[in-house]
Amino acid sequence: MRDHQWRGVRSRAAALAACALTAALVATGATPAYAAADTERPTAPGPITVAAVDTTWVELTWAASTDNVGVVRYPVSAQFEDNGAIYSTDTNSIRITGLRPSRTYTFFVSALDAAGNSSVSNPTLRLTMPPGDDQPPGTPGQPVAYDVAATQVWLRWTHSVENVVLDRYQVFRVGAGGALTLVRDVSQYPPVNSTSISGLTPNTTYTFVVRARDEVGNLSPLSAPVTVTTLPPPPSCEVRSVVRQWSDGFVAHLAVKNTGTTAINGWTMTWRFWASQQVHGIWGAKVIDRLNSSYLRVGNTGRNAVIPPGGTVSLGLVASGTQLPQEITLNGGLCVVADE
C-alpha cells in the first residue's frame with residue numbers, strides 16, 4: 001500500500017476512535033470539561049487600599065477575588081460628582097492617572113470571570129486627592145451693567161486668569177461700611193462671566209463686586225465695583241398701532257402713550273419677533289438686540305428719551321415676515337395694545 005493511502009487510513013481511524021470516545025462519554029453521562037457551563041460568580045474583591053498617591057494619580061490595590069474557574073480581570077471605576085470613567089486590570093492593583101488635584105473621587109472594583117460572571121462590588125473607597133494648586137485666580141474684570149430693569153440687573157465681566165481650573169464666580173452686593181452679601185454663585189462649569197441679579201427694589205442704587213474661586217478653593221481679590229440704579233417701577237402704557245402688511249413683510253407705526261403719573265426718562269421696548277424675521281428699517285427708536293431669538297428689543301433715541309405722563313412717543317418699523325408686534329413691553333411693563 002502506498003504511503004499516502006496509509007496516512008489516509010490512519011487519519012480515518014483516528015477520527016473514528018475520537019467519535020467512539022465521545023459516544024462512550026455521553027453514554028456514561030460524562031461531560032467534557034470545556035463544555036461545562038460556568039454560572040458561579042467570583043467572590044467580591046477585598047477592600048480597596050491606597051498604595052501610593054500624588055496630586056494627579058493614585059495606585060490602588062485590593063485582596064484578590066476567588067472563582068471556581070478563574071478571575072480574568074477587574075473592572076475599576078472612578079467617579080467625581082456626576083462624571084465617571086471605567087478602567088480594567090488583570091491583577092489586583094491598578095495605577096489611575098489624569099486625575100485632578102483636590103477633587104474627591106469614589107472608586108469601585110468588581111471581579112469578572114471568563115464566562116462573564118461578575119462579582120458584587122467591594123466596599124467603595126472615597127478619596128480626596130492632594131492639593132496641587134496653591135495659586136489663587138487673578139482678579140476678575142470690573143463688572144458692567146449691560147441691562148437694567150426695575151427689579152433686575154444683568155452684569156458681565158472679564159474672565160479671571162487661573163493656572164489650573166477655575167471653579168466659579170461669586171457676586172457680592174456691597175452694603176454700608178463695605179459689608180459684603182453674596183447674591184449670586186455662578187457655579188456653572190465651565191464658569192460663565194455673566195449673570196443676572198433679581199429681586200431688587202425699583203429706583204434704588206446698588207454696588208456689586210465679583211470674586212473668582214478655583215477648584216481647590218483659592219480666592220481671587222475682589223474686582224473693582226460697579227454701581228447701578230434700578231429703573232422706576234414699570235410704567236403703565238398703551239400702544240396704538242397702524243400696520244400695512246403684504247405676503248412677506250409689513251410696515252408698522254406705533255404710538256406709545258405713558259398712561260402713568262410719573263415721567264419716563266429713558267426707555268426700552270420689546271415685542272415678539274421671530275428669529276427668521278429681519279428689520280429693514282426703523283425710526284423713532286434704535287435696535288438694541290434680539291432676546292432668546294423670539295423678541296426684538298429697541299430703545300429711545302437722543303430726542304425722545306422722556307415721555308411725560310399722558311405723553312406719546314411715535315416709532316415705526318419695516319420688517320420681513322408675518323409676525324406683527326405683539327406682547328409689547330415698555331421698561332418691563334406690559335402695554336395695552338389697541339389696533340387702529
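Student: Which strands pair over four bridges, and in which sense?

Tutor: Two strands are said to pair if DSSP finds at least two bridges between them, and strands themselves (E, at least two residues) are DSSP runs numbered from the N terminus. Here strand E2 (residues 58–61) and E5 pair in the antiparallel sense over four bridges, and Glu59 stands opposite Arg95 in E5. Please keep in mind that this is a predicted model, in which local features need pLDDT of at least 70 and side-chain atom pairs count only at pLDDT 80 or more, while totals for chains, interfaces and linings use all residues. Residues are numbered from 1 along each chain as its sequence is written, and side-chain values use heavy atoms, with hydrogens and water left out.

Student: How many salt bridges does a search of the whole structure find?

Tutor: A salt bridge is a side-chain nitrogen of Lys or Arg within 4 Å of a carboxyl oxygen of Asp or Glu, and the search finds nine of them. One joins the side chains of Asp147 and Arg297, at 2.1 Å from N to O. Asp147 belongs to strand E9 and Arg297 to strand E22 (residues 295–299), so this pair ties together parts that are 150 residues apart in sequence.

Student: Are Asp147 and Arg297 buried or exposed?

Tutor: Buried means under 20% relative accessible area, exposed means over 50%, and partly exposed lies in between (1.4 Å probe, protein chains only). Both Asp147 and Arg297 are buried, Arg297 having 9% relative accessibility. Arg297 also meets Asp289 in a salt bridge of 2.6 Å, N to O, although Asp289 is partly exposed, at 26%. In another pair, Arg240 and Glu238, the closest N and O atoms are 3.4 Å apart; Arg240 is partly exposed at 36%, and Glu238 is partly exposed at 23%.

Student: Which residues are linked in a network of salt bridges?

Tutor: Asp167, Arg168, Asp185 and Arg213 are linked in this way.

Student: Which residues are the closest to the centre of the largest pocket?

Tutor: On a 1 Å grid over the protein atoms alone, a pocket is an open set of points with protein on both sides within 12 Å along at least five of seven lines, and lining residues have an atom within 4 Å of a point. The largest pocket has a volume of about 390 Å³, and of its 15 lining residues the closest to the centre are Asp147, Ala149, Trp154, Arg297 and Gly332. Strand E9 gives the most to this lining, with three residues.

Student: What volume does the second largest pocket have?

Tutor: A volume is the space filled by probe spheres set on the grid points, which are joined across faces, edges and corners, and for the second largest pocket the value is about 320 Å³. Of the 13 residues lining that pocket, the closest to its centre are Phe80, Glu81, Arg103, Asp167 and Glu215.

Definitions and conventions:
On a 1 Å grid over the protein atoms alone, a cavity is a set of points where a 1.4 Å probe fits but cannot get out, and a pocket is an open set with protein on both sides within 12 Å along at least five of seven lines; lining residues have an atom within 4 Å of a point.
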